[in-house]
Amino acid sequence: MTAIRQKTLKNELCSGYTDPVAFRNGIFRIIKNDNKAYLKLRFLFCLTKKVTFMLKLFTRTRKYAKIPSRTFGYLQMSVCRIFTTVEKMRLDKFLSQTKTLSRSEATKAAKAGLITVNGMTVRDCSTHIAPETDVIGYQGAVIKYRKFIWIMMNKPSGVLSASDDKKAKTVIDLLPPPLCSMGLFPCGRLDKDTVGLLLITNDGELSHKLLTPKNHAKKTYRYVLSVPYDTSKRIEDGIPMDGKITKPAVIVSDSPVSGTITLTEGKYHQIKRMFEYAGSKVTFLQRTDFAGLHLDNTLKDGEWRYLTEEETEILKKAVNS
Ligand code: URA
């Protein structure tokens with residue numbers, strides 16, 4: 001950056017330029033090539049994140065501190081906007097994503113003065129808000145933001161566990177249109193003919209943790225075989241597969257041709273190949289459990305529902321996240 005450009009920016013910043021975004025971007029441009037300044041700013045960001053947290057905490061005790069909600073909301077919003085690199089989202093998108101209102105309902109509700117951002121009434125639904133730090137209210141109730149979507153589906157047979165496919169129907173095609181365009185993907189794969197519990201999400205990090213074999217997330221399947229399982233083969237102790245030995249599994253059979261099998265890894269066609277190794281053939285496979293969650297029996301083939309907060313906590317706990 002040239003010295004003249006830097007000077008212009010400094011003048012801009014010192015002249016009481018109050019647009020917070022321009023202010024922040026200006027600072028970034030100035031310090032871009034200055035590592036020391038960058039570290040200082042990072043420290044400042046951490047500090048201000050803590051301050052933001054404290055401000056949030058103070059919201060609860062605001063009435064005791066006798067700060068008018070308007071002033072307080074403005075203060076909080078300013079701190080968040082200037083110092084933190086927060087993700088922004090349109091207000092109507094936030095309301096529809098949190099399933100509070102549809103976009104058109106949100107527009108009407110905002111016009112009617114029913115929506116607040118940090119205590120201030122906002123009548124324009126195109127307003128950009130910071131979903132993780134701004135406090136959004138609808139008819140006096142605070143709307144909780146969930147960054148990630150987690151869905152439990154009872155996967156039917158004949159559908160691909162993929163985000164999209166040119167020819168075949170995928171599990172994402174079974175979701176309604178607004179969800180189809182939200183970057184969702186299946187957390188792991190079930191074969192086309194395997195049915196049962198499939199999680200669908202847009203949370204890449206937790207999904208990865210649940211799928212990596214090193215975290216040992218358990219998956220239980222109900223199986224039916226065409227030929228009785230020869231128990232002397234002890235496939236549950238591990239068999240050679242893809243140049244390695246499969247991890248120990250647990251088989252609980254309720255007849256020579258059916259039972260449940262629990263794995264802590266997920267190789268391609270793993271269960272089918274394991275029984276094949278023992279001279280048997282899987283004719284039906286249904287996943288019933290995944291990382292501490294049990295398939296919701298009220299979900300019919302192809303039906304789905306959002307996970308509850310408790311259920312996402314179970315997932316996190318399963319991988320110590
Ligand atoms: N093992 C299989 O063989 N198929 C599945 O879909 C899941 C596990």
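With 24 C-beta neighbours inside 10 Å, alanine 291 counts as buried, a residue being called buried if 20 or more other C-beta atoms lie within 10 Å of its own, exposed if 12 or fewer, and partly exposed in between, with C-beta atoms placed from the backbone. Alanine 291 sits in the loop that links strand 15 (282-290) to strand 16 (293-294), where helices (H or I, at least four residues) and strands (E, at least two) are DSSP runs, numbered from the N terminus. Its phi is near 45°, a positive value in a residue other than glycine.

The structure is a predicted model, in which local features need pLDDT of at least 70 and side-chain atom pairs count only at pLDDT 80 or more, while totals for chains, interfaces and linings use all residues. Residues are numbered from 1 along each chain as its sequence is written.

The protein has 10 helices and 17 strands, and buried residues make up 23% of its 321 residues. Of the contacts in the protein with a separation of 6 or more, 64% are between residues 24 or more positions apart, two residues being in contact if their C-beta atoms, placed from the backbone, lie within 7 Å.

In soluble globular proteins, nonpolar side chains tend to be buried together. A nonpolar core is taken here as a set of buried Ala, Val, Leu, Ile, Met, Phe, Trp, Tyr and Cys residues joined through C-beta atoms within 7 Å. The largest such core has 23 residues, and those with the most contacts inside it are Ile151, Leu198, Leu199 and Ile200. At least two residues of this core come from each of strand 7 (150-155), strand 9 (195-201) and helix 8 (204-211). When neighbours within four places in sequence are left aside, leucine 199 is in contact with Trp150, Ile151, Met152, Cys187 and Phe290. Another core, of 12 residues, lies apart from the largest one and includes Tyr221, Tyr223, Ile271 and Val282.

Helix 8 has a buried side, with Leu206, Ser207 and Leu210 as its buried residues. These three residues are on the same side of helix 8 because they cover an arc of only 100° around the axis, the arc being that of the directions from the helix axis to the C-beta atoms. Strand 9 and helix 10 (309-318) are included in what covers the buried residues of helix 8, whereas the face turned away from the buried side carries the exposed residues Gly204, Glu205 and His208.

Strands of a sheet pair through backbone hydrogen bonds, either parallel or antiparallel; two strands are counted as paired if DSSP finds at least two bridges between them. Strand 10 (residues 219-225) and strand 14 (residues 258-263) run antiparallel and are joined by six bridges, with tyrosine 223 standing opposite glycine 259 in strand 14. Strand 14 is also joined by five bridges to strand 13 (residues 250-255), again in an antiparallel arrangement, and isoleucine 251 stands opposite isoleucine 261 in strand 14. A hairpin connects strand 13 to strand 14 through two residues.

An open sheet of four strands, with antiparallel pairing, has the order 3-2-5-6. Strand 3 (120-121) and strand 6 (141-142) are its edge strands, each pairing on one side only. Strand 5 (residues 136-138) pairs with strand 6 in the antiparallel sense over two bridges, and the bridge partner of tyrosine 138 in strand 6 is alanine 141.

Around the ligand stand Leu190, Asp191, Thr194, His269, Gln270, Ile271, Lys272 and Leu285, a residue being counted near a molecule if its C-beta atom, placed from the backbone, lies within 6 Å of it. Helix 9 (residues 270-277) gives the most to this shell, with three residues. The shell divides into three nonpolar, three polar and two charged residues, where Ala, Val, Leu, Ile, Met, Phe, Trp, Tyr, Cys and Pro count as nonpolar, Asp, Glu, Lys and Arg as charged, and the others, Gly among them, as polar.

Two further loop positions may be described. Aspartate 242 is found between strand 11 (240-241) and strand 12 (244-245); its phi is near 50°, a positive value in a residue other than glycine, and with 10 C-beta neighbours inside 10 Å aspartate 242 counts as exposed. Glycine 113 lies in the loop between helix 6 (103-111) and strand 2 (115-117) and counts as exposed, with 10 C-beta neighbours inside 10 Å. Leaving aside neighbours within four places in sequence, glycine 113 is in contact with Thr121 and Arg123.
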